[in-house]
Amino acid sequence: MITYAEVLDLVLPTLPDPPELDDAGELPYLDASTLAVHVVDLVRAGRSDVLGPFFAAVERLHLEGDGDVTTLATIGYLESLQNYAGHAGLDTSVFLPLLGPESARWWRGLDAFWAGEAPAVLPVD
(Lines give C-alpha, C1' and ligand atoms only; values in the text may rest on other atoms or scores of the structure.)
Protein backbone atom coordinates (compact mmCIF):
# COMPACT_ATOMS: atom_id res chain seq x y z
CA MET A 1 0.00 0.00 0.00
CA ILE A 2 1.20 3.47 -0.91
CA THR A 3 1.15 5.86 2.06
CA TYR A 4 1.26 9.66 2.30
CA ALA A 5 4.99 9.44 2.93
CA GLU A 6 5.52 7.80 -0.46
CA VAL A 7 3.24 9.94 -2.63
CA LEU A 8 5.69 12.67 -3.62
CA ASP A 9 8.45 10.16 -4.38
CA LEU A 10 6.02 8.58 -6.84
CA VAL A 11 4.50 11.73 -8.33
CA LEU A 12 7.27 14.35 -8.49
CA PRO A 13 9.61 12.48 -10.87
CA THR A 14 6.78 12.24 -13.42
CA LEU A 15 6.61 15.98 -14.02
CA PRO A 16 9.01 18.11 -16.03
CA ASP A 17 10.32 21.06 -14.04
CA PRO A 18 8.15 20.44 -10.96
CA PRO A 19 7.54 23.47 -8.79
CA GLU A 20 9.16 23.92 -5.43
CA LEU A 21 6.92 22.59 -2.66
CA ASP A 22 6.88 24.37 0.70
CA ASP A 23 7.16 21.79 3.48
CA ALA A 24 6.96 19.00 0.89
CA GLY A 25 5.13 15.97 2.20
CA GLU A 26 3.89 17.71 5.33
CA LEU A 27 0.67 18.96 3.74
CA PRO A 28 -0.27 16.45 1.03
CA TYR A 29 -3.34 18.36 -0.18
CA LEU A 30 -1.35 21.56 -0.56
CA ASP A 31 1.30 19.59 -2.49
CA ALA A 32 -1.41 18.13 -4.73
CA SER A 33 -2.90 21.56 -5.34
CA THR A 34 0.48 23.05 -6.27
CA LEU A 35 1.19 20.18 -8.66
CA ALA A 36 -2.29 20.49 -10.20
CA VAL A 37 -1.57 24.12 -11.04
CA HIS A 38 1.67 23.00 -12.69
CA VAL A 39 -0.15 20.33 -14.72
CA VAL A 40 -2.76 22.85 -15.88
CA ASP A 41 0.05 25.23 -16.86
CA LEU A 42 1.71 22.44 -18.87
CA VAL A 43 -1.54 21.73 -20.72
CA ARG A 44 -2.08 25.43 -21.42
CA ALA A 45 1.47 25.55 -22.81
CA GLY A 46 0.64 22.71 -25.24
CA ARG A 47 2.69 20.13 -23.34
CA SER A 48 0.00 17.58 -22.45
CA ASP A 49 2.11 14.99 -24.27
CA VAL A 50 4.47 14.88 -21.26
CA LEU A 51 1.74 14.10 -18.74
CA GLY A 52 1.25 10.36 -19.29
CA PRO A 53 3.60 9.42 -16.42
CA PHE A 54 1.88 11.85 -14.05
CA PHE A 55 -1.55 10.39 -14.75
CA ALA A 56 -0.13 6.86 -14.48
CA ALA A 57 1.12 7.82 -11.00
CA VAL A 58 -2.31 9.17 -10.03
CA GLU A 59 -3.81 5.90 -11.25
CA ARG A 60 -1.39 4.01 -9.01
CA LEU A 61 -2.46 6.18 -6.07
CA HIS A 62 -6.05 5.12 -6.74
CA LEU A 63 -5.23 1.44 -7.14
CA GLU A 64 -2.41 0.92 -4.65
CA GLY A 65 -2.88 3.65 -2.06
CA ASP A 66 -4.19 3.24 1.45
CA GLY A 67 -7.52 4.92 2.21
CA ASP A 68 -5.95 8.33 2.85
CA VAL A 69 -3.97 8.17 -0.39
CA THR A 70 -6.91 7.12 -2.55
CA THR A 71 -8.88 10.07 -1.19
CA LEU A 72 -5.90 12.33 -1.87
CA ALA A 73 -5.77 11.04 -5.45
CA THR A 74 -9.39 12.03 -6.01
CA ILE A 75 -9.89 15.14 -3.92
CA GLY A 76 -6.30 16.40 -3.88
CA TYR A 77 -5.22 15.71 -7.43
CA LEU A 78 -8.28 15.21 -9.66
CA GLU A 79 -10.56 17.77 -8.05
CA SER A 80 -7.75 20.32 -7.94
CA LEU A 81 -7.13 19.73 -11.66
CA GLN A 82 -10.81 20.27 -12.42
CA ASN A 83 -10.93 23.45 -10.34
CA TYR A 84 -7.74 25.03 -11.64
CA ALA A 85 -8.51 24.11 -15.22
CA GLY A 86 -11.98 25.60 -14.93
CA HIS A 87 -10.66 28.81 -13.41
CA ALA A 88 -8.06 29.01 -16.19
CA GLY A 89 -10.79 28.71 -18.84
CA LEU A 90 -9.51 25.29 -19.90
CA ASP A 91 -12.02 22.63 -20.94
CA THR A 92 -11.52 19.85 -18.40
CA SER A 93 -12.31 17.22 -21.03
CA VAL A 94 -8.71 17.66 -22.22
CA PHE A 95 -7.71 15.43 -19.30
CA LEU A 96 -10.06 12.54 -20.09
CA PRO A 97 -7.76 10.72 -22.56
CA LEU A 98 -4.95 10.91 -20.01
CA LEU A 99 -6.84 9.27 -17.14
CA GLY A 100 -6.45 5.63 -16.24
CA PRO A 101 -9.66 3.59 -15.81
CA GLU A 102 -9.93 3.99 -12.02
CA SER A 103 -9.06 7.67 -12.13
CA ALA A 104 -11.71 8.16 -14.83
CA ARG A 105 -14.34 6.56 -12.56
CA TRP A 106 -13.51 9.04 -9.81
CA TRP A 107 -13.33 11.95 -12.27
CA ARG A 108 -16.89 11.14 -13.36
CA GLY A 109 -17.85 10.88 -9.69
CA LEU A 110 -16.54 14.38 -9.07
CA ASP A 111 -18.48 15.64 -12.09
CA ALA A 112 -21.68 13.96 -10.82
CA PHE A 113 -21.25 15.39 -7.33
CA TRP A 114 -20.66 18.95 -8.51
CA ALA A 115 -23.56 18.69 -10.95
CA GLY A 116 -25.84 17.80 -8.02
CA GLU A 117 -26.43 14.31 -9.39
CA ALA A 118 -24.85 12.50 -6.42
CA PRO A 119 -24.91 13.20 -2.68
CA ALA A 120 -21.20 12.37 -2.33
CA VAL A 121 -18.15 11.80 -4.49
CA LEU A 122 -18.43 8.18 -5.54
CA PRO A 123 -16.89 6.37 -8.52
CA VAL A 124 -19.09 6.33 -11.62
CA ASP A 125 -18.78 3.56 -14.18
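A residue counts as buried under 20% relative accessible area and as exposed over 50%, with partly exposed in between. Arg105, at 22% relative accessibility, is therefore partly exposed. The model under discussion is predicted.

**Salt bridges**

Three salt bridges are present in the structure.

| Pair | N to O distance |
|---|---|
| Arg60 and Glu64 | 3.0 Å |
| Glu102 and Arg105 | 3.0 Å |
| Asp125 and Arg105 | 2.4 Å |

Asp125 belongs to the segment after α5 and Arg105 to helix α5, so that this pair, 20 residues apart, links distant parts of the chain. Through shared partners, the salt bridges join Glu102, Arg105 and Asp125 into one network. Glu102 and Arg105 are three residues apart in helix α5 (residues 101–114), about one turn of the helix.

Helix α3 (residues 52–64) holds both Arg60 and Glu64, four residues apart. Both are partly exposed, Arg60 with a relative accessible area of 37% and Glu64 with 34%.

**The loop between α1 and α2**

A surface patch of negative charge consists of Glu20, Asp22, Asp23 and Glu26. Glu26 lies in the loop between α1 and α2 and is exposed at 60% relative accessibility. Asp23 lies in that loop as well, with a relative accessible area of 54%.

Most residues other than glycine have a negative phi. Asp23, however, has a positive phi of about 50°. Asp17, also placed in the loop between α1 (4–11) and α2 (28–44), has a positive phi of about 50° and is exposed at 62%.

Key. Residues numbered from 1 in each chain as written. Predicted model: local features only at pLDDT ≥ 70, side-chain atom pairs only at ≥ 80, totals over all residues. Heavy atoms only, no water. Helix = DSSP H or I, 4+ residues; strand = E, 2+ residues; numbered from the N terminus. Buried < 20%, exposed > 50% of the residue type's maximum accessible area, 1.4 Å probe, protein only. Patch = residues over 30% accessible without salt bridge, like charges linked within 9 Å, V, L, I, M, F, W, Y side chains within 5 Å. Areas by Shrake-Rupley, 256 points an atom, 1.4 Å probe, with all protein chains shown as cover. Salt bridge = Lys/Arg side-chain N within 4 Å of Asp/Glu carboxyl O. Lys, Arg positive; Asp, Glu negative; His and termini not counted. Charge placed at Lys NZ, Arg CZ, Asp CG, Glu CD.
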